[in-house]
Amino acid sequence: MTICRRLLIRPGGVGDCILSLPALKYLRADYTEIWVPSPVVPLIGFANAVVPLSSTGIDLVGVGDVETPLVLVKRLRSFHSIVSWYGANRAEFRDSLSRLGLPCEFHQALPPANYAGHAVDFFAGQVAAPPGSIPRIHSQASARRDSIVIHPFSGSKRKNWPLDRFRELAVRLPYPVEWIAGPEEEFSDALRFENLGVLAAWISGARLYIGNDSGITHLAAAVGQRTLALFGPTAPETWAPRGESVTVLHSNPLHALSVEEVLAAANRLLGWHSF
């Protein structure tokens, strides 16, 4: 009996990759290998192998006169099916794979600007998966004291609720706050995690997560944590995290969102009366 070997190539930010998880999982074959950005590798538990994109040499395909490395060609030819969100907009990349006779199917890495639905459903529809799925990341919660996790940053300053309001909110919340930040985000009080799998387990052990429109907010929702997501210029109907315990507050501009509104929403998620 022939074993179907399938390769899935998914570039993008942490949030984009998390929103793609239902589509990727739907495409599982007898053997499934997934190539993703390095930070996302520890978040995928349903594949036979998960490989950092940067280690594959795929970025050399279709670049000028550079010949595709033979070791990469051999590796790609070992798959019966290749589904790629990488290189969909690069004709030279697609042509190079076509000349190699590789069975590759390409999909756009992001929904078009006029897309009216949710990104999870857009990615699912690309591969004929059913709509309405919730991205899931299975993680063993870390045991620690009751706390609320706040990540006050994102990939764009336009998507950040003012830091002074996060600080005011933290003082008024009914549990201690533990701050987190990325390696390049300046915040002296924050904890930092090199491994997103470890961060996922750490977040899942808290009472509540509060954050902006960011990949870490999608991570919190995907591990099943109660999540309060603050959205500004980005359309939440397309990009909000999905989950049974997710609440989204939307205001554009985001600084129009008051501390009182965020506090009330947080207290509702915690089962506290607003005060």
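Q: Which residues touch the most other members of the largest nonpolar core?
A: In this predicted model, they are Ile 203 and Leu 219. The core holds 44 residues. Elements giving two or more residues to this core include α1 (14-19), α2 (21-26), α7 (196-204) and α8 (215-222).

Q: What is Ile 203 in contact with, leaving aside its neighbours within four places in sequence?
A: Contact needs heavy atoms within 4.5 Å. Val 149, Ile 180, Tyr 209, Ile 216, Leu 219, Ala 220 and Gln 225 are in contact with Ile 203.

Q: Which residues belong to the other core, of 28 residues?
A: Among them are Ile 148, Leu 169, Trp 179 and Leu 257. This core lies apart from the largest one.

Q: What makes α8 count as mostly covered?
A: Eight of its eight residues are buried. Among them are Gly 215, Thr 217 and His 218. Gly 224 follows α8 and has a positive phi, near 90 degrees.

Q: Why is Glu 33 called buried?
A: Buried means under 20% relative accessible area. Glu 33 has 6%, so Glu 33 is buried.

Q: What makes the Arg 242 and Asp 121 pair a salt bridge?
A: The N to O distance is 2.7 Å, and the limit is 4 Å. Arg 242 is in the loop between α9 and β10, and Asp 121 is in helix α5, 121 residues apart.

Q: Why does the pair of Arg 207 and Asp 146 count as a salt bridge?
A: Their closest N and O atoms are 3.1 Å apart, within 4 Å, so the pair qualifies. The two residues are 61 residues apart. Arg 207 is partly exposed at 28%. Asp 146 is partly exposed at 38%.

Q: How many salt bridges does the rule give?
A: The count comes to nine. Salt bridges that share partners join Glu 168, Arg 172 and Glu 260 into one network.

How values were computed:
Residues are numbered from 1 along each chain as its sequence is written. This is a predicted model: local features need pLDDT of at least 70, side-chain atom pairs count only at pLDDT 80 or more; totals for chains, interfaces and linings use all residues. Side-chain values use heavy atoms; hydrogens and water are left out. A nonpolar core is a set of buried Ala, Val, Leu, Ile, Met, Phe, Trp, Tyr and Cys residues joined through side-chain atoms within 4.5 Å. Buried means under 20% relative accessible area, exposed over 50%, partly exposed in between (1.4 Å probe, protein chains only). Helices (H or I, at least four residues) and strands (E, at least two) are DSSP runs, numbered from the N terminus. A salt bridge is a side-chain nitrogen of Lys or Arg within 4 Å of a carboxyl oxygen of Asp or Glu.
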